[in-house]
Amino acid sequence: MPLYWGDLHNHCGISYGFGGLENALQAAKGQLDFCAIIGHASWYDIPARTEGLEYLVDFHKEGFAKLRNHWDYVLETVKSFNVPGEFVTFQGYEAHSSKYGDHHFLSPDDDFPLVEGESPAAIVEKLAPRRVIAVPHHVGYTPGYRGGNWDRFSAAISPIVEVYSKHGSGMSDQSPFPYYHDMGPRDSRSSVYAALARKLRFGFVGSTDHHAGYPGSYGDGRLAVLADAKTRESIWEAILARRTYAVTGDKIECKFTMNGLPMGSETTASQRRFELNVTACDQIDKIVVYKNLRPWKVVNGELLAGQSSGVSQTAGKYKVKVELGWGNNKAGFEWDAIAEVRGGKLAAVETCFRGRSILAPTPELRDDPTMNALGNRIVSQSDQAVAWSCMSFKNPTTLHPHTAAVILEVEGDVGTELHIKANGAEIKTTVGELLGGNRTVHLQPYNSEAIMVHRAIPQQAYTVSEVWTDTLAESECDVYHAEIKQVNGQCAWISPIYVLA
Ligand SMILES: [Zn+2]
């Protein structure tokens with residue numbers, strides 16, 4: 001079964017986000033296989049408009065009204081972008097809830113009315129007989145403060161849970177990517193781990209929750225599904241079957257099975273044979289397979305990298321990231337770039353394009369439907385070269401990148417040459433040199449944008465293939481899930497396999 005990549009939760013100017021709807025769908029098509037566009041629709045228990053909360057309450061209510069006024073246009077536009085085999089869309093919208101936590105509602109049915117309700121279950125009931133699921137998101141917030149409410153969780157309407165987005169990771173209070181949005185810190189009681197400890201059953205997904213119309217924005221959350229085909233019906237079936245997992249941005253490929261059954265499965269077995277196959281996008285730092293939330297198997301990335309040093313002289317596969325950005329341009333800097341491979345082959349290219357970094361409205365921000373038309377695209381690609389255009393921005397803080405990149409998969413050896421040109425600057429190097437370290441160049445003598453060609457990562461350091469067997473039943477429902485971390489910080493959270501006694 002092939003893997004498809006998507007974003008099921010992101011916002012644009014149809015409610016209180018920013019940027020045009022068509023531009024958002026075009027951006028999604030550029031680097032994803034499927035997406036839903038989510039408008040903000042309601043907040044049943046919205047706080048009273050007391051002093052200090054006027055702006056917050058007003059922008060929500062204005063956003064809800066805006067969505068209602070344009071709902072038919074949204075449905076029609078989302079429907080028109082759904083082309084089986086090419087690009088798949090789903091209908092959806094979001095309801096906030098202090099009590100139940102925020103959810104987005106997704107459907108493969110284009111006849112999808114806007115309704116409101118006191119709880120996710122009430123909304124799903126009103127939408128019957130249409131097919132619909134309610135996806136809890138940013139679950140890690142404080143219970144009662146729009147965090148996940150596991151007392152009220154229903155696997156029947158929520159087969160998947162969003163575990164990572166621009167808010168951060170809700171996996172646990174110790175997971176990388178803590179919450180720093182003004183909604184507050186995360187709380188272990190509403191974490192994904194707390195739900196798994198209760199043996200609640202769901203699949204993991206990531207999505208951006210982007211608020212400037214850029215579904216799939218790199219680093220803000222994406223999901224993978226294992227589906228028969230790139231169609232609404234197949235991807236919907238995969239979501240219901242929990243054959244999904246979350247990534248931060250890099251398209252880390254992962255197959256995790258038990259006795260041949262995929263991630264998300266629920267089954268009984270005394271002899272449990274696990275297979276884990278990973279093709280990452282950067283050097284693997286660590287892979288941990290958890291059994292009932294305790295580390296059961298650990299793959300150490302340093303050992304993989306060590307094994308690779310002896311074989312790097314020979315022909316093989318390498319991943320090399322080319323990253324463009326830095327500088328002081330807050331409005332956006334346009335790049336035209338080309339990477340050429342000589343004495344080897346360019347086997348594949350993965351894009352790491354981002355939208356403007358916006359998670360919520362602020363009083364000074366004005367909507368502009370063109371703000372998400374960033375011109376990010378692959379212009380041409382062959383076995384020897386790739387040309388692309390993209391936009392980068394001044395990094396918002398020194399700890400927060402706003403660069404744009406591509407990851408090249410190169411077949412060759414240490415003598416294979418890479419020629420990178422962008423906006424008049426150039427880097428000529430070889431795989432051999434890049435195995436020892438990265439290369440950088442700046443466009444201007446000082447205070448300028450820059451190009452970085454990352455260190456080359458040999459295949460042995462970004463792939464893992466393991467088989468383990470377990471015969472020890474520990475509980476009525478043993479939960480096995482995997483977490484993958486790359487050296488560059490990008491992660492994947494692989495949905496559990498539930499083994500019943
Ligand atoms: Zn949202």
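**View 1. Arg-232 and Asp-110 form a salt bridge with an N-to-O distance of 3.0 Å.** This pair links distant parts of the chain, 122 residues apart. Arg-232 belongs to helix H6 (residues 232-240). Asp-110 sits in the loop between strand S5 (103-107) and helix H4 (120-127). Helices (H or I, at least four residues) and strands (E, at least two) are DSSP runs, numbered from the N terminus. A salt bridge here is a side-chain nitrogen of Lys or Arg within 4 Å of a carboxyl oxygen of Asp or Glu. Searching the whole structure gives 24 salt bridges. The model is predicted: local features need pLDDT of at least 70, side-chain atom pairs count only at pLDDT 80 or more, and totals for chains, interfaces and linings use all residues. Residues are numbered from 1 along each chain as its sequence is written, and side-chain values use heavy atoms, with hydrogens and water left out.

View 2. Domain 1 gives 27 residues to the contact and domain 2 gives 26; contact means heavy atoms within 4.5 Å. About 2100 Å² is buried between the domains, 57% of it on carbon and sulfur atoms. Buried area is the accessible area (1.4 Å probe) that two parts lose on being put together, summed over both. On the domain 1 side, the most area is lost by Phe-18, Tyr-214 and Tyr-218, together 34% of what that side buries.

**View 3. Lys-66 and Asp-367 form a salt bridge.** Their closest N and O atoms are 3.8 Å apart. Across the interface of domain 1 and domain 2, the rule finds 1 salt bridge. Between the two domains, 17 residue pairs are in polar contact, both residues at pLDDT 80 or more. A polar contact is a pair of N or O atoms within 3.5 Å; within protein, one must be able to donate a hydrogen and the other to accept it, and residues adjacent in sequence count only if both atoms are side-chain atoms. Helix H1 (21-31) and helix H2 (54-69) each supply at least two residues of the domain 1 side that touches domain 2. H1 gives the largest share of that side, 4 residues. The residues of this side divide into 8 nonpolar, 15 polar and 4 charged. Ala, Val, Leu, Ile, Met, Phe, Trp, Tyr, Cys and Pro count as nonpolar, Asp, Glu, Lys and Arg as charged, and the others, Gly among them, as polar.

**View 4. An open sheet of 4 strands runs in the order S13-S12-S15-S29.** The pairing is antiparallel. Two strands pair if DSSP finds at least two bridges between them. Strand S13 (261-262) and strand S29 (463-470) are the edges, each pairing on one side only. Strand S15 (residues 272-279) pairs with S29 over 8 bridges, in the antiparallel sense. Leu-276 has Glu-466 in S29 as its bridge partner.

**View 5. Strand S24 (residues 417-422) is joined to strand S19 (residues 333-342) by 6 bridges.** These two strands run antiparallel. Arg-342 stands opposite Glu-417 in S24. Strand S25 (residues 425-430) also runs antiparallel to S24, joined by 6 bridges. Here Ile-420 stands opposite Ile-427 in S25.

**View 6. Asn-423 lies in the loop between S24 and S25.** The hairpin of S24 and S25 has 2 residues between the strands. Asn-423 is not a glycine, yet has a positive phi of about 45°. Most residues other than glycine have a negative phi, and most peptide bonds are trans.

**View 7. The peptide bond from Ala-128 to Pro-129 is cis.** Its omega is near 5°. Pro-129 lies in the loop between H4 and strand S6 (133-136).
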